[in-house]
Amino acid sequence: MVNVERTFTVTRPVEVVVDYLKDFGHAEQWDPGTVSCTRVDTGPIGVGSQWHNVSEFKGKETRLAYRLERLEDRRLTFVGDNKTATSTDDITLAPVDGGTEITYHAHIVFHGLAKVADPFLKSEFEMLGDATAKSMTEAIESLPATSGNA
């Protein structure tokens, strides 16, 4: 299994950040590995909402079925599955002076033969964690300072 965690601060309030990040379709803007991320259900976004995610990692395309597992005022959890891996994106938010502190934790569990590659991928995922923190910051900083516009 691989665990990557980054903590960083943005200048938008928690409500704006939650409103934006709860739509996992926005991963196309903040996750450097995401090629596309399309919602597969309808209605208001809430626990159980689902997305079809296509990502590229080390030159290989991967498809995951993601669902929103937790939607709280200050915490979001998305879980993506396929036959090779289960990926959990856990995002914790805390109000700080002038904005929001974001802790992004990615937890990937490999299944079957993919487990063999696990020890060799840690450094790749660490670099991806750095890139994600940078691009998520840029995406959130481009949002209006009030919620409802994401």
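Student: What makes strand 2 and strand 3 a pair?

Tutor: In this predicted model, strand 2 and strand 3 (residues 50-57) share five bridges. Two strands count as paired from at least two bridges, so strand 2 and strand 3 qualify. Their pairing is antiparallel. Arginine 39 stands opposite tryptophan 51 in strand 3.

Student: Why are strand 1 and strand 2 called edge strands?

Tutor: The sheet is open and has seven strands in the order 1-7-6-5-4-3-2, with antiparallel pairing. Strand 1 (2-10) and strand 2 (34-39) each pair on one side only. On average, neighbouring strands of the sheet are turned by 20° against each other, direction ignored.

Student: Why is helix 1 said to be mostly covered?

Tutor: A residue is buried if its relative accessible area is under 20%. Six of the eight residues of helix 1 (residues 14-21) are buried, namely Val14, Val16, Val17, Val18, Tyr20 and Leu21. Helix 1 lies across strand 1, strand 4 (60-72), strand 5 (75-81), strand 6 (85-96) and strand 7 (99-110). The helix runs at about 160° to strand 6.

Student: How many helices and strands does the protein chain have?

Tutor: The protein chain has three helices and seven strands, and along the sequence they follow the pattern β-α-α-β-β-β-β-β-β-α.

Student: Why is the protein chain called as compact as a globular protein of its length?

Tutor: Its radius of gyration is 15 Å, and the globule rule gives 15 Å for 150 residues; the two values are close, so the description holds.

How values were computed
Residues are numbered from 1 along each chain as its sequence is written. This is a predicted model: local features need pLDDT of at least 70, side-chain atom pairs count only at pLDDT 80 or more; totals for chains, interfaces and linings use all residues. Side-chain values use heavy atoms; hydrogens and water are left out. Buried means under 20% relative accessible area, exposed over 50%, partly exposed in between (1.4 Å probe, protein chains only). Helices (H or I, at least four residues) and strands (E, at least two) are DSSP runs, numbered from the N terminus. Axes are lines fitted to C-alpha atoms, for helices over the stretch in contact, and angles run from 0 to 180 degrees between N-to-C directions. Contact means heavy atoms within 4.5 Å. The radius of gyration is taken over C-alpha atoms; the globule rule is 2.2 Å times the number of residues to the power 0.38.
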